[in-house]
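Student: I have a structure open and would like to learn how to read it. Where do we start?

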Amino acid sequence: MCGIVGILSKHEASPQILDALKRLEYRGYDSAGIATVNHGQLDRRRAVGKLINLSDTLVHDPLPGRVGIGHTRWATHGGPSVANAHPHQAGRVAVVHNGIIENFRALRESLTAEGAQFTSETDTETIVQLTSRFLAQGMTPVQAARATLKQLEGAFALAFLFDGEEDLIICARRGSPLCIGHGEGEMYLGSDAIALAGMTDRITYLEEGDWAILTRETVQVFDSEDQQTARPMMRIALDNAQIDKSGHKHFMAKEMAQQPAILKAAMAQYTGADASAVALPEGLDFTRVDRLLMVACGTAFYACQVAKYWFERYAGLPVELDIASEFRYRDPVLGPQNMAIFVSQSGETADTLAALRHVRGEVGQVVSVVNVPTSSIARESTFALPIHAGPEIGVASTKAFTAQLQVLALLALRAGRDRGRLTEAEYASRLDELRSVPGFVALALDREEEIRRLTEILSQARDVLFLGRGVMYPLAHEGALKLKEISYIHAEAYAAGELKHGPIALIDQDLPVIVMAPYDALFEKTISNMQEVMARQGRVLLISDAKGLAEAGDVPHALQMPTVPELIAPIVYAVPAQMIAYHTALHRGTDVDQPRNLAKSVTVE
Ligand code: F6R
């Protein structure tokens, strides 16, 4: 959510900043901007909308200078406009900011009373006005930035650039991620190491509360107590194939297609080549757990919803599920025998991170299932379990969802074995089933052309209903979420059996109803609900396997999935849920990778 870049370069900084911002555009695309210092003069260019608009601006009105900061915005305070675009500038300082300054109203009032002239509606502008005031009082840039940071409340990442200072960027991290890249006679800054790919692989992550003074040759990091401190430098290898579309039309298409390979590799990471047992970090112990709490947002929440069935069935563990933004506002009862599992692709989702901090010290074990192993959620949990999906850039989560499901299934099976709920033979045969996931996911991906045809009609719809029972109920939610976010068609998910308690009133010949129902123990019941829809002229698309489709009889539309073991059905059925959304969006011509109003990595609450 909002991307920040800073570069102290040997060459012109703007093209490098623009390039780095391109890799961060998934974080927001309401506006973008760059500021540089050239011959001692601070100057900036800003444009509304996607980065391409800023590129165009720079073609006509270049921005020279070898030091600069850049920003791609997801609007919070103030709509998308040039005035609200970052970098914000007041007097001799410019700032880019990710996050929210919670006390900005009070600061703005007192600064206005002292004569400051605000030109935007943003919370960010209070930062530059404050710093500018401190500079006017005679403080040095470092003193002014430090004094400013002391007055700010909220969660943020910031970078400051100063008039007259061509070898200085000051940055700070409180709540939002920030990393420093070390080059040869150059220094870089980014909200995400992805931004710096191609420039350096030597990265230092700032810790919570840190601030830093960067020059081309030096980095000085200070902790929240202003004590100079050392933070480790690590090598993060990101090759271009990981962060480009690799010949696909969209990142989402690439990421869906990657699933078989990713799931296979991730399985090997946890079970070794022979997949005979699930290896977990030393100390992670399911035998002393009386209750699991699972907390996440969006797609990651639906992965938890599926996993609840697995943990209860295979491990006999009671599971309590929560949407992260609700969790800590309901006084959850916590205890030392509880294990809390937080699931997040980015590992930076503010609500999930806040929920994690809420339970730390209150529950016995804090586990995270994350895609970014260097993320805040990973670092702040006792046990971080990576899903090994690689960078996910399409805003709609796809490969991270199936990889989350796979890791959660592995955890549930291991918990079942450790708790004596599964015999060694059952454990081994369930692991075998999981090993077959990549092949079945590849078969599901092969249905693409059929899905493309089916979605021609779907793309005309105003509303769509998804139905499922058991593990297919969260899958129905995931299908509806994907469709909403990238095609902008209103979609709802219902537990199939719940339909008759109200939503059945919506059914008419204009409402497509997608029923997700492999031939399992709940099949007959789901099909009865489907019949109730068809009796009212609902336009059904049944997604099932060969047996299911044969048993269901005549349905208006059908999509055949491979026949799969019950355990892995949710992972395999995620594929048509994703592809239905993708192809519907293509028919409608919407922006698949950067849907309106959204951003990846939601670092505000
Ligand atoms: C949907 C989607 C979001 C995320 C949610 C949580 O396609 O991507 O619903 O799943 O914002 O994000 P993470 O997993 O990064 O915590």
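Tutor: Start with the shell around the ligand, and sort its residues by class: 5 are nonpolar, 7 are polar and 2 are charged. Keep in mind that this is a predicted model.

Student: How many residues surround the ligand, and which are the closest?

Tutor: There are 14 residues around the ligand, and the closest are Ser-344, Gln-345, Ser-346, Thr-349 and Glu-485.

Student: How much of the ligand's accessible area does the protein cover?

Tutor: On its own the ligand has 400 Å² of accessible area, and the protein covers 87% of that.

Student: Back to the two helices. At what angle do the axes of H9 and H17 cross?

Tutor: Helix H9 spans residues 298–315 and helix H17 spans residues 472–487; their axes cross at roughly 170° and come within 8 Å. Angles over 145 degrees count as roughly antiparallel. H9 and H17 are therefore roughly antiparallel to each other.

Student: Which residues of H9 and H17 meet?

Tutor: On the H9 side they include Tyr-302, Gln-305 and Tyr-309, and on the H17 side Tyr-473, Leu-481 and Lys-482 are among them. By class, the residues of this contact divide into 7 nonpolar, 4 polar and 2 charged.

Student: Can we go through another pair of helices the same way?

Tutor: Take helix H1 (residues 13–22) and helix H2 (residues 51–60), which pack at an angle of about 170° with their axes 11 Å apart. That angle makes H1 roughly antiparallel to H2. H1 brings Leu-18, Leu-21 and Lys-22 to the contact, while H2 brings Leu-51, Leu-54, Ser-55 and Leu-58. These residues divide into 5 nonpolar, 1 polar and 1 charged.

Student: Now the backbone. Which residues does a cis peptide bond join?

Tutor: Read the omega angle: the bond between His-86 and Pro-87 is cis, with omega about -5°. Pro-87 lies in the loop between strand S4 (67–73) and strand S5 (88–90).

Student: What is the phi of Tyr-488?

Tutor: Tyr-488 is not a glycine, although its phi is positive, about 65°. Tyr-488 sits in the loop between H17 and strand S22 (490–495).

Note on methods
Residues numbered from 1 in each chain as written. Predicted model: local features only at pLDDT ≥ 70, side-chain atom pairs only at ≥ 80, totals over all residues. Heavy atoms only, no water. Axes fitted to C-alpha atoms, helices over the stretch in contact; angles between N-to-C directions. Helix = DSSP H or I, 4+ residues; strand = E, 2+ residues; numbered from the N terminus. Parallel < 35°, antiparallel > 145°, perpendicular 65-115°, else oblique. Contact = heavy atoms within 4.5 Å. Nonpolar A, V, L, I, M, F, W, Y, C, P; charged D, E, K, R; others polar. Near = heavy atom within 4 Å. Areas by Shrake-Rupley, 256 points an atom, 1.4 Å probe, with all protein chains shown as cover.
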